Amino acid sequence: MAPIKAALLGFGTVGQGVYESLKTHKEQLKSVLGSDIVIEAVLVKDGTKKRDIDENVRVTTDFEEILRIPDLQVVFEAIVGEEPGFTYLKKAIEKGCHVITANKVMFARHGKTLLNQASEAGVSVGFEATTAGGTPIIRSISQLLQVNNILSIEAILNGTSNYILSNMREKGLAFEDALKTAQKLGYAEADPVNDVEGFDAFYKLIILSELSFGYAPDWERVDRSGITHVAQNHIEVFKEWGYRIKHLAQIHHDSGELLASVKPVLLDAEHSLYGIEGVQNAVMIETSLAGKVTLQGAGAGKLPTASAMVEDLTYVFQSSRNNVFNKSCDVTHREDDEAKQSNKKQYAVIGPKPLTVNYVASNAIQVLRQEEKDGQFYSLITCWKEAADTLLIEANTQIYDVASSKEVHNREKEIKQVINL
Ligand SMILES: NC(=O)c1ccc[n+]([C@@H]2O[C@H](COP(=O)([O-])OP(=O)(O)OC[C@H]3O[C@@H](n4cnc5c(N)ncnc54)[C@H](OP(=O)(O)O)[C@@H]3O)[C@@H](O)[C@H]2O)c1
């Protein structure tokens with residue numbers, strides 16, 4: 001059979017990984033696809049850089065040259081930013097090519113449009129590499145969604161933040177020092193904002209939401225924060241209490257509304273994501289039939305990300321070309337009482353004063369434990385979200401959600417102190 005002609009947009013970390021993997025796994029690919037796959041051209045921004053690319057492969061800075069390749073069947077996209085990636089992939093689909101992307105910022109914003117366009121054009125879009133790198137979460141969710149409903153997702157989606165938090169806890173480092181170590185080891189960019197402020201995890205959560213629920217929450221309403229305010233003292237106190245701080249992306253339906261957040265959360269030892277350390281990513285999906293399913297793996301890096309893109313090749317050539325974002329996904333609402341019960345949660349509050357009756361308007365806030373360290377008061381409380389929000393009005397107060405594996409009503413048996421007005 002004639003070889004499959006492909007083009008590669010971007011020759012950075014991921015692009016080079018794809019180029020190498022196609023060579024090192026040539027035989028495996030041929031046995032699955034039935035043909036060789038040949039990179040005809042590589043698009044880059046800077047045409048003057050020296051690259052380790054075979055002489056017979058065209059290197060260009062002009063995307064129109066890519067479009068002019070006769071019988072081009074697949075375009076791999078591994079460039080940065082919403083544009084020009086979106087425009088390039090739109091044009092590639094118009095030309096009748098399958099497209100495979102690693103670009104999460106672009107796909108979070110334009111994934112639905114590209115999938116609709118591809119569906120009409122009779123081609124496929126692979127986007128496994130946009131979320132959790134080499135961990136096959138996109139395909140697993142697509143597979144689970146054939147019959148199951150997805151109830152909720154909890155995930156560690158940014159390896160840089162997870163590495164920094166693990167290192168702060170294990171080595172007692174301050175945030176800035178753990179960040180410097182991550183940068184030295186190549187786990188963090190020179191400009192780390194995208195990772196440590198939670199934007200990277202946010203884009204991935206949006207993609208997971210579109211896939212799992214058929215739509216995404218309003219971006220402005222997602223409670224997003226990073227890990228820059230996590231102090232060593234917080235980690236120490238919560239470690240003594242049996243918790244680890246993890247940067248958690250969460251999404252679930254509550255009374256008909258899609259609620260999403262990306263922020264540092266306390267996890268107890270029974271939580272499935274408690275043991276996810278270093279640069280690892282993990283995603284826990286709660287489903288209507290299969291129960292809780294957790295996947296763990298490398299969230300980024302040259303070969304894990306290339307792996308996701310190369311595996312997507314088999315998907316785009318074999319799939320029935322359905323738009324996976326349009327799957328009818330019956331949103332399962334928990335019973336009202338159950339939903340309300342699940343609304344009552346634990347929080348850890350840190351502030352300059354102990355929690356007293358002045359802080360609460362009723363007995364809605366129950367304090368499980370409280371201690372003082374270096375002039376700050378740490379309290380573990382149970383309450384409705386609205387009550388927790390009122391605490392944030394106080395100056396210099398910080399709140400962490402606690403994602404406990406135990407139900408709150410079981411926890412309530414452990415209440416040591418109840419504040420009554
Ligand atoms: N790195 C990872 O582990 C990872 C994991 C998952 C997803 N991703 C996503 O994969 C994509 C690529 O990441 P990366 O780490 O490989 O980035 P990178 O190392 O910075 O490489 C980016 C490549 O894109 C090219 N490029 C940038 N703007 C371009 C433009 N306007 N036109 C043509 N080419 C352009 C650059 O060309 P020059 O070489 O000429 O500068 C470079 O080759 C990003 O969207 C990223 O979010 C990365």
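Me: Which residue stands opposite isoleucine 156 in E11?

Reply: Alanine 282 does. Before more, note that this is a predicted model, where local features need pLDDT of at least 70, side-chain atom pairs count only at pLDDT 80 or more, and totals for chains, interfaces and linings use all residues. Residues are numbered from 1 along each chain as its sequence is written.

Me: What makes E7 and E11 a pair?

Reply: Strands pair if DSSP finds at least two bridges between them. Strand E7 (residues 150-156) and E11 have six, in the antiparallel sense, so they count as paired. (Strands, E, at least two residues, and helices, H or I, at least four, are DSSP runs numbered from the N terminus.)

Me: And which strand does E11 pair with over eight bridges?

Reply: Strand E12 (residues 291-298), again antiparallel. A hairpin of three residues joins E11 to E12, and glutamine 280 stands opposite alanine 298 in E12.

Me: Why is E11 called mostly covered?

Reply: Buried means 20 or more other C-beta atoms within 10 Å of a residue's own, with C-beta atoms placed from the backbone. Seven of the eight residues in E11 (residues 280-287) are buried, so the strand is mostly covered.

Me: How do you know which residues phenylalanine 76 touches?

Reply: Contact means C-beta atoms, placed from the backbone, within 7 Å. Phenylalanine 76 touches Ala6, Leu8, Leu9, Val18, Ile100 and Met309, leaving out residues up to four places away in sequence.

Terms used:
Contact = placed C-beta atoms within 7 Å. Buried ≥ 20, exposed ≤ 12 C-beta atoms within 10 Å, placed from the backbone.
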